[in-house]
Amino acid sequence: MLTALGTTDDKITGLDADDYLTRPFEFKELLTRIRVIPRRNSEGFGRALGIADLETDVAVIGPT
C-alpha cells in the first residue's frame with residue numbers, strides 16, 4: 001500500500017495490505033520492498049512479480 005496517511009493507526013490498518021509505504025518515499029526503498037517480497041511468502045515466488053499488465057523480474061532490481 002502506498003499512501004500519504006502516516007499515523008500509527010493508519011499504518012496498523014495498512015498492515016492488512018502486507019506492506020505499507022508512506023509518501024514521500026525514496027525510490028530505492030520502494031525497489032527494496034519489491035525485491036524482498038519473495039522472502040515473505042512461505043509458498044515461494046518465481047523471479048517475476050506482476051499485477052494487471054505490469055510485470056517485473058525481482059532479480060533485475062538487485063540490491064539498492
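Let's start with F25. At 28% relative accessibility, F25 counts as partly exposed, because that value falls between the 20% limit for buried and the 50% limit for exposed. Where does F25 lie? It lies in the loop between β2, residues 21-22, and α2. Now look back along the chain to T3. F25 and T3 are 22 residues apart in sequence. In space, their C-alpha atoms are 9.8 Å apart.

A word of caution before we go on. This is a predicted model. The chain averages a pLDDT of 75, and 73% of the residues score at least 70. Where is confidence highest, and where is it lowest? The highest is helix α2, residues 27-35, at 85. The lowest is helix α4, residues 58-61, at a mean of 66. Where pLDDT is low, the predicted coordinates should not be read in detail. Keep that in mind when you look at α4, with its mean of 66.

Now the overall plan. The chain has four helices and four strands. Going along the sequence, the order is β-α-β-α-α-β-β-α. There are 64 residues, and 14% of them are buried. The accessible surface comes to about 5100 Å². Carbon and sulfur atoms account for 55% of that surface. One more number on contacts. Take the contacts between residues at least 6 apart in sequence. Of these, 18% join residues at least 24 apart.

What kind of peptide bond joins R23 and P24? It is a cis bond, with omega about -10°. Most peptide bonds are trans.

Next, helix α2 itself. How many salt bridges does the structure hold? It holds one. The partners are R33 and E29, whose side chains meet at 2.8 Å, N to O. Why is the spacing along the helix about one turn? Because R33 and E29 are four residues apart in helix α2, about one helical turn separates them. Are these two buried, exposed or in between? R33 is partly exposed, at 25% relative accessibility. E29 is partly exposed as well, with a relative accessible area of 32%.

R33 also leads us to D19. D19 is in the loop between α1, residues 8-14, and β2. The two residues are 14 apart along the chain, and their C-alpha atoms are separated by 8.2 Å. D19 counts as buried, because its 18% relative accessibility is under the 20% cut-off.

Then there is G14, in helix α1. Buried or exposed? G14 counts as buried, at 1% relative accessibility. And T3 comes up again here. G14 and T3 are eleven residues apart in sequence. From C-alpha to C-alpha, the distance is 9.2 Å.

Last stop, the hairpin. Strand β3 covers residues 48-51, and strand β4 covers residues 54-57. In which sense do they pair? They pair in the antiparallel sense, over four bridges. Follow the partners across. A48 stands opposite D57 in β4. L49 has T56 as its bridge partner in β4. Two residues lie between β3 and β4. One detail in the turn is worth a look. A52 has a positive phi, of about 50°. Most residues other than glycine have a negative phi.

Find the salt bridge of R33 and E29. Then find A52, in the turn of the β3 and β4 hairpin.

Methods. Residues are numbered from 1 along each chain as its sequence is written. This is a predicted model: local features need pLDDT of at least 70, side-chain atom pairs count only at pLDDT 80 or more; totals for chains, interfaces and linings use all residues. Side-chain values use heavy atoms; hydrogens and water are left out. Two strands pair if DSSP finds at least two bridges between them. pLDDT is the predictor's confidence in each residue, from 0 to 100. Buried means under 20% relative accessible area, exposed over 50%, partly exposed in between (1.4 Å probe, protein chains only). Contact means heavy atoms within 4.5 Å. Accessible areas come from the Shrake-Rupley method with a 1.4 Å probe; for residues, only the protein chains shown count as cover. A salt bridge is a side-chain nitrogen of Lys or Arg within 4 Å of a carboxyl oxygen of Asp or Glu.
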